[in-house]
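Biologist: I'd like to learn how to read the contacts in a multi-chain model. Could you walk me through it?

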There are 4 protein chains.
Amino acid sequence: MKVGFVGLGLLGSAMVKRLSSQGIKVNLWNRSIEKAKTLGLPYVETLEELFKNEKIIFLCIKDSQAVEEVLKKGSSFLKNRIIIDTSTNQFSKVLEFHQFVKDWGGFYLECPVLGSIIPAEKGQLTILVSGEKEPFEKVKPLLEILAQKLIYFQTPGKATQAKLINNFLLALFMEALASALVLGEKIGFSKEELLEVLENGAGNSYVLKVKKEALLRENFTPHFSLENLIKDLNYASELYQKFSGISLEGALVKEIYKLGVKMGLKDKDFSAIYQVLKNFQFY
Amino acid sequence: MKVGFVGLGLLGSAMVKRLSSQGIKVNLWNRSIEKAKTLGLPYVETLEELFKNEKIIFLCIKDSQAVEEVLKKGSSFLKNRIIIDTSTNQFSKVLEFHQFVKDWGGFYLECPVLGSIIPAEKGQLTILVSGEKEPFEKVKPLLEILAQKLIYFQTPGKATQAKLINNFLLALFMEALASALVLGEKIGFSKEELLEVLENGAGNSYVLKVKKEALLRENFTPHFSLENLIKDLNYASELYQKFSGISLEGALVKEIYKLGVKMGLKDKDFSAIYQVLKNFQFY
Amino acid sequence: MKVGFVGLGLLGSAMVKRLSSQGIKVNLWNRSIEKAKTLGLPYVETLEELFKNEKIIFLCIKDSQAVEEVLKKGSSFLKNRIIIDTSTNQFSKVLEFHQFVKDWGGFYLECPVLGSIIPAEKGQLTILVSGEKEPFEKVKPLLEILAQKLIYFQTPGKATQAKLINNFLLALFMEALASALVLGEKIGFSKEELLEVLENGAGNSYVLKVKKEALLRENFTPHFSLENLIKDLNYASELYQKFSGISLEGALVKEIYKLGVKMGLKDKDFSAIYQVLKNFQFY
Amino acid sequence: MKVGFVGLGLLGSAMVKRLSSQGIKVNLWNRSIEKAKTLGLPYVETLEELFKNEKIIFLCIKDSQAVEEVLKKGSSFLKNRIIIDTSTNQFSKVLEFHQFVKDWGGFYLECPVLGSIIPAEKGQLTILVSGEKEPFEKVKPLLEILAQKLIYFQTPGKATQAKLINNFLLALFMEALASALVLGEKIGFSKEELLEVLENGAGNSYVLKVKKEALLRENFTPHFSLENLIKDLNYASELYQKFSGISLEGALVKEIYKLGVKMGLKDKDFSAIYQVLKNFQFY
């Protein structure tokens, strides 16, 4: 099988590696072409070329504005293409993308993923899918290379909504965990002691498992950057406000993450929220 | 082996059942003696009798004020007794308890537990222990009947501190989870859809696992009551304030739990925080 | 002097009354023409007519989207017109309005006001002004009929920014005041007792003065509606986020106001936040 | 008239100056006697001496623990003494003080004040009074030297409750004002511009009036220290929690003030909350 891939950020690159390691031929394009070169796989110089040559095209792009640009540039070649968009989009935008691709004769599958680079490289993501059944069935084998679990919602927009709710919870869990840790350290515990207790108690969670090393070493090399999390939190508030939802602690915690940006942590992993909270405690 | 047991609330009764099912002879006392009768095990009419007759006495009591009363009443019989206090105590009080029991010639083991009635009945608790090594070694086999994991801190007070940090995190995780759920429902998802997504994503956690059924059925039969959680949150703030710790979202979330008391939910499971948040969204 | 006036909501009508009472000839247009009729003043049937006939046109309109529509409709008649826009706008939009009116040969004065219907009727508003000096000097006598104080910022956008900061503070002060009141009532004070103390102490403020009667009688007839305040709070967050500002308690308090919308209070005066907080305390 | 005065902190000294300047003979005692000496007024070396010699004794003391010590030390001389306690006390403690003084044959007037050193020196405080009518009438002329307004609640505890509610609001207003200022500065305004707008708009208040200079110059010489405000906020939460009151933004704002302590601002004026918030914005 052969696919195009647009967007070689941390997550995109991990997915490309996984697909390629499982025998899929991947043809790359990236805005900064240098990144494409380092992966040692075929790449093209222009986006148009990619859309012309490939029937199935993955997108893994920073935000909805960038997705929109890509789709517009590729529009005249969208006929019969299947777009697998793994980006986390704005809810309102993703509905437009379904329509736009359809209008140009193609198929748009909204495929945000749960999990970041480690599960991507191991094919252990969860992929949420919204879009028409037929193209979904066609690309299912590809998605199953990346994911251990697919969750399908026929209605367009649902996958994006679910992803945003998931990342809302991710942000709160991470902040809560970091908060418990720094309070424990303030009281006099070592991080090792605290993590042993918490992983045998209330803290036992996916978030703790995947962030444990980062927290212990205070090494916040990005898997999923603080800036990208804040983008998703903004998309999430936009979403729930549209439905008259409110969130007291959600609003507060978003502001605390934003303090991280002020502290120069935007390109760090979002678990660097630990640094923000530690700063509060140990001025 | 033979032990005394004081305090037959939800958790206490579950521990008694477990000990008894594993061949331990348990002699009971409870403030309202009726509860003791329903368990079908030997019981005594007075606390003094229990302290006189038993060498090893478990406590599982509501709060530190009640623990203090029990210890005072039993004081003249404390000599050579080992007190295993599984209650969640105030940090300052627990230090007094160590001293008090020692002064009367006994041994005090501070043994707060992680987990509530289900793990207690299955012997799958985690027990945090602080106190002298010798009595700890002596009662270890008893603790291992209740727990799959023991975490020992020699310094008095540490086990209580760790327990309070754990329950602080428990409160935040539960509130975050409930918050994500109600926002998702407000947007139009069913709880089943949301839980499937979240348990394959950011929500994957001990808290979700043990509260899933309660949330799905909105059945908040208490395993660990809202009132008891708030007590622990108050003890936790008291603790971290003593060490000049602060918590922005912790302070907010505690107030939200307290709204639950106003709504008449104090004797419900603390996962009934879901009801409080749902009320906000679906006025 | 003769002016056109677009927008006959609560504040617009109050300004029209004041201008008219001081001898200014006011020609009205409103989206629902019925409102124009009730004021007993000249009105026109179409917006275009108003722009054609009047050299100076006041706007007092709900939000920036509506202002935009009005300007677009009137665009071909904007030449040499002075637009006095008293609406509270989005910061980004107001910059476009300056440019748009200029491009069509007119003058745009950004004139958000501090104060609502009572000071408007008495000519005791404060008006913030941004825009070119010359048209400002020309209409100054008109503004002075409405205001006891004019504050001029030459740079476009400044008046709007200042207005949004003002309303941000208004929201916080009002919520704080309501919060102190309901806590006091919960403790057992009457509102009369509390207000006597607070107006002689920390509560002494413009906000208390103008909202005292509303609070005492729990009569929240709108002077400035909850919905409009929330609109301004949204504009304010948009503004400060653009400049990387954050606000912990601002984010929280905005959510609390939104709870008021859920409780059906959106058309009440924003001081009805008292009802929201009272509901929390007296479930 | 002749009085004793215990407690020569910022506020106490200001009250002593006022009383003395109006012809009252004031006899001093202070824990650190040095402070008494600098005022150039008669003083005694021991507390007992003061209680023995004076019929009317003012207290203006840090916290309820310190008040308790003073009353206990003076107990054998309390007979027929009138104690005018201007300290801000814990609600539960103040009820004990009434009883204690009564039991020893004296009269206790609970007299917390609104306003700090400037109004104290000018006799422009508001004094809240609870206690028996007769001794109150007796000392009224003295109180009127200090206050432009007396508010009397017969029921013991009421004055203290009202004072705590007042300071709760004071804390929220101050934080809101500082918050609006720093957001405005972040956007690009000068403090002068902002204060001109706010004092003509929503910010018009006693708090702005008395803190304007401090904010403009960022000079936080204490009139009422951050540490004392936090003490009062703790007393206030204790109070409203006893009555099952809750406060979302109150809980949050208290934590923000505590950040000020971490930043080394505890002895500064509480308006230094501005520094805390500025730090957030301008990392």
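**Reading the interfaces**

Modeller: Let's start with one pair of chains. Chain D and chain A bury about 940 Å² between them, and 64% of that comes from carbon and sulfur atoms. Keep in mind that this is a predicted model.

Biologist: What does an area tell me about an interface?

Modeller: The general idea is that the size of an interface is often given as the accessible area lost when the parts come together. In this case, K262(D), F280(D) and Y283(D) lose the most area on the chain D side, together 60% of what that side buries against chain A.

Biologist: How many residues of chain D are in contact with chain A?

Modeller: There are 10 from chain D, meeting 10 from chain A. By class, the chain D side has 6 nonpolar, 2 polar and 2 charged residues.

Biologist: Which elements of chain D give two or more residues to that side?

Modeller: Those are helix 12 (248-262) and helix 13 (273-281) of chain D. Helix 12 of chain D gives the most, with 4 residues.

Biologist: And how many salt bridges and polar contacts are there between chain D and chain A?

Modeller: The salt bridge count is 0. For polar contacts, you'll find 2 residue pairs, both at pLDDT 80 or more.

Biologist: Now chain B against chain A. What is the area buried there?

Modeller: About 4,800 Å², with carbon and sulfur atoms giving 73% of it. The contact takes 54 residues from chain B and 54 from chain A. F173(B), I187(B) and A202(B) supply 14% of the area on the chain B side, more than any other three residues.

Biologist: Which charged and polar links go with that interface?

Modeller: The count between chain B and chain A is 2 salt bridges. In one of them E196(B) pairs with K149(A), and the closest N and O atoms are 3.2 Å apart.

Biologist: Where on chain B does the touching side come from?

Modeller: Several elements give two or more residues, including strand 7 (125-130), strand 8 (147-153), helix 8 (158-187) and helix 9 (191-199) of chain B. The largest share, 19 residues, comes from helix 8 of chain B. Sorted by class, the chain B side has 32 nonpolar, 15 polar and 7 charged residues.

Biologist: How do I read the symmetry between copies?

Modeller: In general, two copies of a chain are related by a rotation about an axis and a shift along it. Here chain B can be laid on chain A by a turn of 180° and a shift of 0.0 Å along the axis, with an RMSD of 0.0 Å. The two copies are thus related as by a two-fold rotation axis. In chain B, the C-alpha nearest that axis belongs to S205(B), 1.9 Å away. The same surface serves both copies, since 100% of the contact residues of chain B recur in chain A.

Biologist: How many salt bridges does the structure hold over all chains?

Modeller: It holds 72. K211(A) lies in helix 10 (residues 206-217) of chain A and D269(A) in the loop between helix 12 (248-262) and helix 13 (273-281), so the pair ties together parts that are 58 residues apart in sequence. Both K211(A) and D269(A) are buried.

Biologist: What about a salt bridge within one helix?

Modeller: Look at K72(A) and E68(A), with their closest N and O atoms 3.5 Å apart. These two are separated by about one helical turn, because they sit 4 residues apart in helix 4 (residues 64-74) of chain A. K72(A) is partly exposed, with a relative accessible area of 49%.

Biologist: Could we finish with one residue, S13(C)? Is S13(C) buried or exposed?

Modeller: S13(C) is buried, at a relative accessible area of 14%. You'll find S13(C) in helix 1 (residues 10-21) of chain C. A polar atom of the S13(C) side chain lies 3.0 Å from the backbone oxygen of L8(C).

Methods
Residues numbered from 1 in each chain as written. Chains lettered and ligands numbered in written order. Predicted model: local features only at pLDDT ≥ 70, side-chain atom pairs only at ≥ 80, totals over all residues. Heavy atoms only, no water. Least-squares fit on C-alpha atoms with pLDDT ≥ 70 in both. Contact = heavy atoms within 4.5 Å. Buried area = accessible area lost by both parts, 1.4 Å probe. Salt bridge = Lys/Arg side-chain N within 4 Å of Asp/Glu carboxyl O. Polar contact = N/O pair within 3.5 Å; in protein donor to acceptor, adjacent residues only side chain to side chain. Nonpolar A, V, L, I, M, F, W, Y, C, P; charged D, E, K, R; others polar. Buried < 20%, exposed > 50% of the residue type's maximum accessible area, 1.4 Å probe, protein only.
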